[in-house]
Amino acid sequence: MRTRLLAAAMALTATPLAAQEAEPDFGTFREQFRIDAVAAGISPNLYDEQMATVKPLPVILKRNDNQPEFVRPLWDYVDGALSEARIRGGLEGYASEADLLNTIEAEYGVDAETLVAIWGMESSFGRIMGDEDVLSALSTLAYQGRRQSFGRTQLIAALRILQNGDARREQLQGSWAGAMGQTQFIPTTYLAHAVDHDGDGKKDLWSDRGDVFASTANYLSRSGYRADLPWGFEVVLPEGFDFAQADRSVGRSVAHWQSAGVTRPGGALSDRIDLNETVSIILPAGANGPAFLVTDNFRAILRYNNATAYALAVGFLSDAVAGRSQPLANDWPRDDRPLTLAERKALQETLSGLGYEPGPVDGIIGAGTRKALRSWQRDNGLPADGYASALILSRLMGA
Ligand SMILES: [Ca+2]
């Protein structure tokens, strides 16, 4: 809303011509974008035929304007993802499609329980796929707002899907962001990784479960997934562990972590994974929460959706489907919460004022901010995990 008001205020001071240039009408956008689409190899006839019925979707324009102010705690997301209904759906899906899943597991080297978990996370096992006209959704994103570049690339990819004959226009339904079918592939992912498993000439991610599972398996496999690796598991860190090492960018052999004193709750790392594998340790909720060892399979899942909370939810759900769930030895820090945008900026300002150089005050907690926070934590005798949360901000402000 604030963006809208600002835009309105600016329009008052701008010349009428500039205001017009800033916001062409949708019909003008459609004409102008035709040039780009044709240059990218879309036939003019197909463009005119398919784009004639496209309409901007007001709900998307509204979403585009709103950057989320509050961030949901990771554990809320993970708990929500692992509802009883979701786990039950996973077990039922696993049982009812066992033959198909096992065939695809053997073919692609991606375990059935992970395919089921992604299927559950993406579309609640094919029940919730989104019913927006994908061309309209992507045209709206391409036309206006923060995600124009994404929208333009995906719109051309969606037109190419139609041109290839992979799917029909009435099938191209999906989320407001253009994610389609039971695997929620965006059009570029569809073009790169969707598979026609049953050989009927269509890559049907909406109603053919063979195409759905094989496409997911193909995408994961090409992202480096291996059937002989776990996604990861909970670990216990020793006293005095250097929390700066707990980062996805730090890869070390299992042997290295084991000799540094990292264990599993009730066992050794080597009980679950080969000592030669290169893996990372992560602390997704800081030193007060659980630690996990994560493998290349975790990274492959992140290619699907680049959020730690998502990849953890997929991992936990796959464990539940495979019947190997373990309660966490260290629970989430449920008395803490992530910071709002204003609070993240306040944290950076305060660190900066104390001479810790977190970089620009932009509300983005990147490597620079984490490093500065770790230095401050170390100087104040606190666990130096660089995790920005409400508890740490209140200590910092009181410092
Ligand atoms: Ca097919």
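P290 is buried, because 21 other C-beta atoms lie within 10 Å (buried means 20 or more other C-beta atoms within 10 Å of the residue's own, exposed 12 or fewer, and partly exposed in between, with C-beta atoms placed from the backbone). The model is predicted, and local features need pLDDT of at least 70, side-chain atom pairs count only at pLDDT 80 or more, and totals for chains, interfaces and linings use all residues. Residues are numbered from 1 along each chain as its sequence is written.

P290 sits in the loop that links β5 (278-282) to β6 (291-294); helices (H or I, at least four residues) and strands (E, at least two) are DSSP runs numbered from the N terminus. Apart from neighbours within four places in sequence, the contacts of P290 are E234, L328, N330 and W332, a contact being two residues whose C-beta atoms, placed from the backbone, lie within 7 Å. Between P290 and P230 there are 60 residues in sequence and 18 Å in space, C-alpha to C-alpha.

The chain is split into domain 1 (232-294) and domain 2 (341-398), with bounds from an automatic or database domain assignment. The domain centres, taken over C-alpha atoms, are 24 Å apart. In the interface, 5 residues of domain 1 contact 7 residues of domain 2.

The largest nonpolar core has 96 residues, of which L115, V235, L293, A313, V314 and L317 touch the most other members. Such a core is a set of buried Ala, Val, Leu, Ile, Met, Phe, Trp, Tyr and Cys residues joined through C-beta atoms within 7 Å. Helix α16 (residues 308-321) supplies the largest share of this core, 9 residues, and at least three residues come from each of domain 1 and domain 2. Not counting residues up to four places away in sequence, V235 touches V262, T263, R264, L269, I281, A291, F292 and L293.

Helices α4 (residues 44-51) and α11 (residues 148-164) pack at about 110°, with axes 11 Å apart; axes are lines fitted to C-alpha atoms, for helices over the stretch in contact, and angles run from 0 to 180 degrees between N-to-C directions. The two helices are therefore roughly perpendicular, a class covering 65 to 115 degrees. L46, Y47 and Q50 of α4 meet L159, L162 and Q163 of α11. By class, this contact has 4 nonpolar, 2 polar and no charged residues.

Terms used: Parallel < 35°, antiparallel > 145°, perpendicular 65-115°, else oblique. Nonpolar A, V, L, I, M, F, W, Y, C, P; charged D, E, K, R; others polar.
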